[in-house]
Amino acid sequence: PDMYINAGGVTVSYFEWLKNINHVSFGRLTFKYERESNAHLLESVQNSLEKRFGRVGGPIPVTPSEEFDRRMSGASEKDIVHSGLDYSMERTARRMMDTAIKMDLGLDIRTAAYINSVTKIFTTYRDAGLTFN
């Protein structure tokens, strides 16, 4: 658990390292795709409303809220890093809890974390052919 607490900073450093070796900011790769996807989403909602209610009074405009408009322009690097960090930390916490439940450890999350760590190391060694089965 104490290593888990420190893992947030290490994870963010890893994301920064990935960005540096690729020489590309995180958002640059998906910016255009996300913007077009969001525009298509709004167009789809407008078409669905017009199909359901008709165009008697003309087209039914669907305009993005201020928050949606801000998000439509793409996630900032900070948003992407926070999202990746949340995902990684939640997944790891869930795995520790699942191991604690599976091994009937009660609230001994420290032992569950050690079990997960040793299992990952063994799996890596086994997959590399460094163990005897």
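**Before you start**

Residue numbers run from 1 along each chain as its sequence is written, and side-chain values use heavy atoms, with hydrogens and water left out. Because the model is predicted, local features need pLDDT of at least 70 and side-chain atom pairs count only at pLDDT 80 or more, while totals for chains, interfaces and linings use all residues.

**The whole chain**

Begin with the protein in cartoon view, where the secondary structure comes to 5 helices and 0 strands, in the order α-α-α-α-α along the sequence. Helices here are DSSP runs of H or I with at least four residues, strands are runs of E with at least two, and both are numbered from the N terminus.

Colour next by pLDDT, the predictor's confidence in each residue on a scale from 0 to 100. The mean for the protein is 80, and 84% of its residues reach 70 or more. Confidence is lowest in H1, at a mean of 72, and highest in helix H5 (residues 109-127), at 91. Where pLDDT is low, the predicted coordinates should not be read in detail.

Of the 133 residues, 17% count as buried, where buried means under 20% relative accessible area, exposed means over 50%, and partly exposed lies in between (1.4 Å probe, protein chains only). If contacts are drawn (heavy atoms within 4.5 Å), then among those between residues at least 6 apart in sequence, 53% join residues at least 24 apart.

**Stop 1**

Select Tyr14, Trp17 and Ile21, which make a nonpolar surface patch of about 330 Å². Patches are made of residues with over 30% relative accessible area and no salt bridge, with like charges joined within 9 Å and nonpolar side chains (Val, Leu, Ile, Met, Phe, Trp, Tyr) within 5 Å. Tyr14 is found in helix H1 (residues 2-22), and it counts as partly exposed because its relative accessibility is 43%.

**Stop 2**

Move to Ser88, which has its place in helix H4 and counts as buried, at 15% relative accessibility. Leaving aside neighbours within four places in sequence, Ser88 is in contact with Thr11 and Phe15. Val81 is also found in helix H4 and is likewise buried, at 15% relative accessibility. A distance drawn between the C-alpha atoms of Val81 and Thr11, which are 70 residues apart along the chain, reads 9.2 Å.

**Stop 3: the nonpolar core**

Now select Met96, Ala100, Ile109, Ala112 and Ala113, the 5 residues of the largest nonpolar core. H4 and H5 each supply at least two residues of this core, and H5 gives the most, with 3 residues. A nonpolar core is a set of buried Ala, Val, Leu, Ile, Met, Phe, Trp, Tyr and Cys residues joined through side-chain atoms within 4.5 Å.

**Stop 4: the loop between H4 and H5**

Select Asp104, which lies in the loop between helix H4 (77-102) and H5. Asp104 has a positive phi of about 55 degrees although it is not a glycine. Most residues other than glycine have a negative phi. Asp104 counts as exposed, at 69% relative accessibility.

**Stop 5: the salt bridges**

A search of the whole structure finds 2 salt bridges, each being a side-chain nitrogen of Lys or Arg within 4 Å of a carboxyl oxygen of Asp or Glu. One joins the side chains of Asp98 and Arg94, at 3.1 Å from N to O; both residues lie in helix H4, 4 residues apart, about one turn of the helix. Asp98 is partly exposed at 38%, and Arg94 is partly exposed at 48%. In another, the side chains of Asp127 and Arg126 meet at 3.3 Å, N to O. Asp127 is exposed, with a relative accessible area of 59%, whereas Arg126 counts as partly exposed at 35%.

**Stop 6: Ser48 in helix H2**

Finish at Ser48, which lies in helix H2 (residues 31-53) and is partly exposed, with a relative accessible area of 45%. The C-alpha atoms of Ser48 and Ile60, 12 residues apart along the chain, are separated by 9.8 Å.

Terms used. Accessible areas come from the Shrake-Rupley method with a 1.4 Å probe; for residues, only the protein chains shown count as cover.
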